[in-house]
Amino acid sequence: MGVTIKDVAKEADVAISTVSKYLNGGSVRRENKKAIEKAIRKLNYSPNSVARGLRTSRTYRVGLVTGSGDNPHMAALLDEIERQLWKEGYSLIYLNTECCDEAAVREYVNFIAETGVDGIIVTASGNSGDCLQRARDYEIPVVVMEECYTDVPTDCIQVDCAGGSYQAVEYLVNAGHRKIAAVCGPEKQMTAAERRRGYLRVMEDYGLPVSRENMPDGCFKYEGGYESIKKIWELPDRPTAVFITNYQMCMGAMEAVFELGIRVPEELSIVTFDDFELSVMVRPKLTAVRQPLKELSDEVCRTLIRRINGDYDDFPRKVRLKPSFIERDSVLRIPP
């Protein structure tokens with residue numbers, strides 16, 4: 001005979017009702033939660049989600065519709081979301097699409113809603129909330145992560161990309177740079193638009209010139225970063241610094257830097273948005289904006305579980321998390 005909830009309760013030295021409450025997403029005291037989780041691991045207990053669903057009208061599945069997971073940023077988010085949901089007794093249905101392909105997002109959200117899930121996380125919601133309509137029709141809680149639109153009545157958890165970008169570009173200004181380029185992402189993508197806006201605000205606040213030539217669109221892709229640096233380096237009046245607005249573009253940009261023999265930071269100072277392995281692998285090490293990815297994922301999961309459990313006291317919840325700024329060796333200080 002397999003391990004039962006009664007065995008878990010006995011091992012954890014708590015009431016069966018406490019274990020049941022924990023397994024069904026209810027709130028239990030921290031010490032009891034730890035004891036139950038320890039007992040589950042020790043006994044290798046696997047709750048019968050089908051039986052639980054019959055008792056509670058839940059599927060114990062959560063859908064995630066997001067952009068491609070073939071980059072460190074999305075891989076980190078996916079790993080943490082899956083870990084957090086698993087601890088709460090939920091499995092994850094993961095579908096990925098192009099971030100700004102609203103038709104595909106709508107199709108995936110419709111499919112997940114009709115298949116049966118208790119909640120949905122969306123990071124790739126296009127430029128309106130229409131793609132979430134089927135989930136609302138089915139009264140399925142939705143939490144939008146990163147690509148948040150204020151006209152959509154749903155919870156939104158995101159990073160303050162504009163603020164992080166402002167800090168990065170202002171750092172270059174304070175280091176004495178006046179000709180600053182920015183390798184940008186697609187304007188219709190909100191996170192890209194926010195990073196572009198942070199750059200432009202600094203340039204405006206300090207009265208510095210901005211030109212389209214100094215703002216190439218790298219489309220948030222490796223190839224885009226590579227081509228953007230080549231274009232910038234062909235300009236007759238080259239910038240002394242560049243702000244690269246995501247990790248994939250930074251990888252491509254650094255390949256172009258090496259191919260062209262550009263000396264960093266003597267000839268070109270570099271600051272990047274996103275801080276992964278590349279930032280400390282290259283020489284010099286890159287100054288970077290670091291997103292709080294674990295905090296972001298945890299906040300999304302906590303909010304969704306609360307909605308699934310019927311807690312809508314603060315709906316719709318809008319959260320903007322602060323990124324951090326990591327100063328390294330890729331910026332030259334120009335004397336006044």
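Guide: Accessible areas here come from the Shrake-Rupley method with a 1.4 Å probe. By that method the accessible surface of this protein comes to about 16000 Å², and 49% of that surface belongs to carbon and sulfur atoms. The model is predicted.

Visitor: Why is Tyr 60 called buried?

Guide: Buried means under 20% relative accessible area. Tyr 60 has a relative accessible area of 2%, so Tyr 60 is buried.

Visitor: Why is Cys 219 called partly exposed?

Guide: Exposed means over 50%, buried means under 20%, and partly exposed is in between. The value for Cys 219 is 40%, therefore Cys 219 is partly exposed. Across the protein, buried residues make up 54% of the 336 residues.

Visitor: What is the phi of Tyr 60, and what is the phi of Cys 219?

Guide: Most residues other than glycine have a negative phi. Phi of Tyr 60 is near 55°, a positive value. Phi of Cys 219 is near 60°, also a positive value. Neither residue is glycine.

Visitor: Where are Tyr 60 and Cys 219 found?

Guide: Tyr 60 is in the loop between α4 (49-56) and β1 (61-66). Cys 219 lies in the loop between α9 (190-205) and α10 (222-233). The protein has 13 helices and 11 strands.

Visitor: Which peptide bonds are cis, and what is omega there?

Guide: Most peptide bonds are trans. A cis bond joins Val 264 and Pro 265, with omega about 5°. Another cis bond joins Arg 283 and Pro 284, with omega about 0°. Pro 265 is in the loop between α11 (247-260) and β8 (269-273), and Pro 284 is in the loop between α12 (277-281) and β9 (287-290).

Visitor: What does Ile 244 touch, not counting residues up to four places away in sequence?

Guide: Contact means heavy atoms within 4.5 Å. Among the residues that Ile 244 touches are Val 183, Met 249, Ile 270 and Phe 273. For the protein, residues 24 or more positions apart account for 72% of the contacts with a separation of 6 or more.

Conventions
Residues are numbered from 1 along each chain as its sequence is written. This is a predicted model: local features need pLDDT of at least 70, side-chain atom pairs count only at pLDDT 80 or more; totals for chains, interfaces and linings use all residues. Side-chain values use heavy atoms; hydrogens and water are left out. Helices (H or I, at least four residues) and strands (E, at least two) are DSSP runs, numbered from the N terminus. Buried means under 20% relative accessible area, exposed over 50%, partly exposed in between (1.4 Å probe, protein chains only).
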